[in-house]
Amino acid sequence: MSFSWFKYAAPINFYPFAGKVIPLFWFLAITLTGFGLYWGFFQTPDVLSDQKQYYRIIFVHVAASWMSMWLYAMMVFWGLIGLVFNTRLSFMMAKATSTTGALMAFIALVSGAVWGKVSWGTWWDWDPRLTMSLILLFLYIGYIALHSAIDNSRRADKASAVLSLVGLAIVPVIYYSVNCPNPNECGALHQESSFKGVESNILLGMLVTALGFWMYSFATILMRVRNIILEREINTKWVSEL
Amino acid sequence: MFNIFWMILKRDIKLALRRRSEVFTVLFFFIIVVSLFPLGVGFNEKMLQEIAPGVAWIAALLASMLALERLFANDYVDGTLEQMLLAPQPLSILVFAKMTAHWLLTGLPLVLVAPVVGVLYHLESDTVITMMLMLLLGTPILSMVGAIGAALTLGLRGGGVLISLLILPLYIPVLVYGAGAIAESRLQSGNIEPHILLLSAFLLLSLIFSPWATASALKISLE
């Protein structure tokens with residue numbers, strides 16, 4: 001049996017395939033997010049150390065923050081694949097990912113601001129993590145702006161892929177500089193976080209919601225890719241036959 | 001290879017010196033931005049000393065970005081850039097020469113004019129020397145990272161505003177350490193060595209990667 005790695009790299013094959021799996025991802029997204037949020041809202045303690053009921057926003061906030069970072073990596077990955085193999089579909093995936101990623105970064109910032117208002121008493125604080133999510137949103141916006149400024153879709157794809165790669169290369173430097181603005185006393189600034197300190201049922205809620213957000217992202221990205229395919233292949237025979 | 005580097009460098013500098021006003025525009029932009037801040041926030045000497053590092057760096061960031069658009073634009077319009085792409089020498093060398101010329105014409109003047117900031121903001125001479133040193137280390141990074149953005153937005157409508165959207169977030173480390181070192185040098189126990197080392201590391205990193213990334217971005221833009 002021969003298996004072609006590139007079969008689904010052709011928009012003509014990918015379009016119907018994506019159409020078939022989108023309902024599956026939607027189903028998983030709704031079930032997992034629903035279960036995660038139910039678990040988080042009703043099966044976890046009322047009070048979490050110094051945090052009261054309002055800590056429950058964590059289930060949305062953490063999932064969205066994770067997604068915003070993962071989706072950036074995914075966007076760079078598809079851009080890189082596109083640059084290396086020169087496949088059109090990879091660029092379309094990267095473009096589709098950028099919008100969902102920007103949305104997730106935005107949700108993470110807004111939910112964090114709301115949480116911060118009740119917990120810390122301020123909407124915004126120049127904490128390293130907050131600053132970093134803001135910068136991530138800027139990077140997404142730069143990508144989207146560059147892509148939409150170029151009319152020629154081929155050049156737009158490649159240019160924004162290069163931009164996202166440069167962004168990924170500099171992100172560690174930015175991360176370090178934001179985390180450690182004064183290198184003389186850097187250690188004190190770091191904010192520790194690990195799974196160990198989290199109660200297991202809270203962790204379960206967080207992980208399941210995050211998984212649900214993954215599925216939501218897949219579903220919306222695939223839907224967006226289908227639109228992009230139709231837009232770009234409008235002059236081909238198979239599209240006019242649809 | 002060094003021949004072509006020198007040739008492009010000399011050519012770019014000669015071209016710029018024929019139109020000297022462009023060099024001075026950037027310089028005066030920097031001076032005007034820096035001198036507008038006290039008019040906006042007040043003349044309190046303590047506060048001016050406090051905000052001087054950040055103001056000087058942000059003005060430098062904006063000034064060097066203002067000049068970025070011209071880095072490739074003229075050569076793109078008259079077709080020279082396409083000839084450079086066809087040249088037998090690696091494009092990254094040619095691009096590196098152009099970046100160097102760009103830095104000599106827009107970055108270096110900012111370093112030399114830094115004492116003016118010192119006068120306007122009542123800084124001590126030690127602080128001014130640190131400021132010049134950090135600008136000397138930091139402005140080449142601005143030219144090199146910015147060149148990538150200039151290559152990506154080549155020939156686009158509203159390119160100037162677009163570059164700022166793409167490139168300003170990438171300038172953050174330079175801003176943080178450049179301004180951080182100047183603020184640190186005002187303290188009695190201040191130690192600016194880590195800042196210098198980190199900024200130099202970033203400079204080396206961009207020296208290696210930026211000409212190459214800019215060359216591939218140019219190839220995409222001129223395809």
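In this predicted model, helix α3(B) passes helix α6(B) in a right-handed crossing. The two helices, residues 45–68 and residues 91–120 of chain B, pack at an angle of about 155 degrees with their axes 11 Å apart, and since an angle over 145 degrees counts as roughly antiparallel, α3(B) and α6(B) are therefore roughly antiparallel to each other.

**The α3(B)–α6(B) pair**

- On the side of α3(B), the contact is made by B:Ala52, B:Ala56, B:Ala60, B:Ala63, B:Ser64 and B:Ala67, while α6(B) contributes B:His102, B:Thr106, B:Gly107, B:Leu110 and B:Val117.
- An α-helix has 3.6 residues a turn, so residues three or four places apart point the same way.
- Sorted by class, the residues of this contact divide into seven nonpolar and four polar, with no charged residue among them.

**Chain A as a whole**

- Chain A has seven helices and zero strands, so that its elements, taken from the N terminus on, run α-α-α-α-α-α-α.
- The C-alpha trace of chain A spans about 60 × 45 × 35 Å along its principal axes, and 39% of the 242 residues of the chain count as buried.
- Among the contacts in chain A with a separation of 6 or more, 76% are accounted for by residues 24 or more positions apart.

- The 32 residues of α3(A) should span 46 Å at 1.5 Å a residue, which agrees with the 46 Å between its end C-alpha atoms.
- After α3(A) comes A:Gly121, whose phi is positive, near 85 degrees.
- Helix α4(A), with 22 residues, reaches 31 Å from its first C-alpha to its last, which is close to the 32 Å expected at 1.5 Å a residue.
- The buried residues of α4(A) include A:Ser133, A:Leu136, A:Leu137, A:Tyr140, A:Tyr143 and A:His147.
- Within chain A, the buried residues of α4(A) pack against α2 (58–85), α3 (88–119) and α5, and in chain B they pack against α7 (125–152) and α8 (159–167).

**The contact between chains A and B**

- The contact takes 25 residues from chain A and 27 residues from chain B.
- On the side of chain A that touches chain B, the elements giving two or more residues are α4 (128–149) and α5 (153–179) of chain A, and of these α5(A) gives the most, with 12 residues.
- By class, that side of chain A has 19 nonpolar, four polar and two charged residues.

**Individual residues**

- Most residues other than glycine have a negative phi.
- A:Asn86, which lies in the loop between α2 and α3 of chain A, has a positive phi of about 60 degrees although it is not a glycine, and with 11 C-beta neighbours inside 10 Å it counts as exposed.
- B:His122, in the loop between α6 and α7 of chain B, likewise has a positive phi, of about 55 degrees, although it is not a glycine, and its 13 C-beta neighbours inside 10 Å make B:His122 count as partly exposed.
- B:Glu82 has its place in helix α5 (residues 80–86) of chain B and, having 12 C-beta neighbours inside 10 Å, counts as exposed.
- The C-alpha atoms of B:Glu82 and B:Leu152 are separated by 15 Å, with the two residues 70 residues apart along the chain.

Key. Residues are numbered from 1 along each chain as its sequence is written. Chains are lettered from A and ligands numbered from 1 in the order in which they are written. This is a predicted model: local features need pLDDT of at least 70, side-chain atom pairs count only at pLDDT 80 or more; totals for chains, interfaces and linings use all residues. Two residues are in contact if their C-beta atoms, placed from the backbone, lie within 7 Å. Helices (H or I, at least four residues) and strands (E, at least two) are DSSP runs, numbered from the N terminus. Ala, Val, Leu, Ile, Met, Phe, Trp, Tyr, Cys and Pro count as nonpolar, Asp, Glu, Lys and Arg as charged, and the others, Gly among them, as polar. The expected span of a helix is 1.5 Å times one less than its number of residues. A residue is buried if 20 or more other C-beta atoms lie within 10 Å of its own, exposed if 12 or fewer, and partly exposed in between; C-beta atoms are placed from the backbone. Axes are lines fitted to C-alpha atoms, for helices over the stretch in contact, and angles run from 0 to 180 degrees between N-to-C directions. Angles under 35 degrees count as roughly parallel, over 145 as roughly antiparallel, 65 to 115 as roughly perpendicular and the rest as oblique. A crossing is left-handed if the near helix is turned anticlockwise from the far one by less than a right angle, and right-handed if clockwise.
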